Amino acid sequence: MSEKTQGEELREKLFYQPKNLSETMTPEDKAAAEAFAVPYKAFLDRAKTEREAVTIIVEMLEKAGYVPFVPGKQYPAGAKVYLNNRGKALIASTIGTLDIGEGVRIEAAHIDNPRLDLKPNPLVEEQELCFLKTHYYGGIKKYQWTAIPLSLHGVVVKKDGSSVTVTIGEDPDDPVFCVTDLLPHLGADQMKKPMTQGITGEQLNVLIGCEMYPDEKVSEKVKLNILSLLNGKYGITERDFQSAELCAVPAFKARDLGLDRGMVGAYGHDDRVCAFAQLMAEIEAKSPAHTTVTVFADKEEVGSDGVTGLNSHFLVDFIADLAQAGGKELRHVLRASACLSADVSAAFDPAWPEVAEKHNCAYLGYGPVLTKYTGARGKSSTNDAPAEYVAFVEGILEDAGVTWQTGELGKVDQGGGGTVAMYVSQYNVNTVDMGVAVLSMHAPFEVISKADLYMTYKAMAAFYR
Ligand code: MN
Ligand code: MN
């Protein structure tokens, strides 16, 4: 065995050396990571919209003993409650042993995803083919949404207030849908266009039928046939689309990715991967010191506005109820609180090294990414966490044996992005971003590492301890 030279020892002591979990994880942790990915994949397959995510999370919470939160009620330490915000966003909480005046611990992920929303009057017939017109939701590369199987999800609220839930295309026996693309033989002009214009928003029309209603006398026979099918199955008419939230999402299931099965490929890792990790941490928190506040937010992909987005007051109102029940001022509780804004980051992709700065980007398999600031154009529109708070979170991770990394979203001035962090920190709550590194983010099929998922869960659990 050769001894280390003085330089080698000094280097080890002084250099920051991120580690690949694949090399450093114990066999027990590797097995645990593999096992953790199984229910995660099942969760992804059932939760393709924020509404579906809320339904499933409530189901899981109730099974774990959570009850609906009642404002004004005094809860003992260890009590588990949840608050359902309109079936589209959710807060789960475990009451801590410390006084509410000591602040709460918040973990906030989002459960909405980029997708194709249906327009209010979506159904059109063109040349005896029936389509659903869409208005895309969130940041998508439009060309990625053509020629892949899509399923339809959502709700239709009828005149009488009753609502029907729609899910078509997930069961193997269901039909699926798609946006058509031009054949390469005739695509010469299309292929010369910039990629942003190869497929336009108005071309993102979902093919839904081709069979005609058997009546010589009527026009738009294909559309009539589709409406008649929809009416038979759901009791809805064309007018009901106006009070609906329907969207097309990729129809495929979450799958192990790679011969070594080290990754998961799926629609919607951003940000269900953090949502699932924090959900498991929340459920397992038995007697946390600080009250846990686990937030599953809607609308992040479109800027967090709207009643179910984190730019609405539902989170701070919930904390206000906790503060009031404990006889404390909301502002003092917020000032003492701490938050992990749990959202994904971009993993370095060897196919596009030019957009990343290799010393300051995240890598697949190096653990959760702790991101001090996001934003674009000189850190604009970002929560830039105070150094003291970053050090505080790092201390928690280190004590819990969590391997983490740090990284920026791309090179300076390459682009950028935001999270919910600034909508929490605006209430004077210390907040920092942390989440899983993703390849092909916002694509219909995104990729994460199972080791990262598990290590992120460990980080989330440690933050609640
Ligand atoms: Mn996200
Ligand atoms: Mn996103």
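This is a predicted model: local features need pLDDT of at least 70, side-chain atom pairs count only at pLDDT 80 or more; totals for chains, interfaces and linings use all residues.
Residues are numbered from 1 along each chain as its sequence is written, chains are lettered from A and ligands numbered from 1 in the order in which they are written, and side-chain values use heavy atoms, with hydrogens and water left out.

Donors here are N, O and S atoms within 2.8 Å of the metal (3.2 Å for Na, K and Ca); water is not among the atoms, so sites may look incomplete. Asp-270 coordinates both this ion and the manganese ion (ligand 1), and the two ions are 3.3 Å apart. Glu-301 sits in the loop between strand S14 (291–297) and helix H9 (314–325), and His-442 in the loop between strand S20 (437–438) and strand S21 (446–449), so the pair ties together parts that are 141 residues apart in sequence. Helices (H or I, at least four residues) and strands (E, at least two) are DSSP runs, numbered from the N terminus. Glu-301 counts as buried because its relative accessibility is 12%; His-442, at 17%, is buried too. Buried means under 20% relative accessible area, exposed over 50%, and partly exposed in between (1.4 Å probe, protein chains only).

Ser-345 belongs to strand S16 (residues 345–346). With 6% relative accessibility, Ser-345 is buried. Leaving out residues up to four places away in sequence, its contacts (heavy atoms within 4.5 Å) include Ala-362, Val-369, Leu-409 and Met-441.

The model has 25 salt bridges, each a side-chain nitrogen of Lys or Arg within 4 Å of a carboxyl oxygen of Asp or Glu. One of them joins Lys-41 and Asp-256 (2.6 Å, N to O). This pair links distant parts of the chain, helix H3 (residues 27–46) and strand S12 (residues 255–257), with the two residues 215 apart. Lys-41 is buried at 15%, whereas Asp-256 is partly exposed at 22%.

Arg-51 and Glu-245 form another salt bridge (2.7 Å, N to O). Arg-51 lies in helix H4 (residues 50–63) and Glu-245 in strand S11 (residues 244–250), 194 residues apart. Arg-51 is partly exposed at 23%, as is Glu-245 at 36%.
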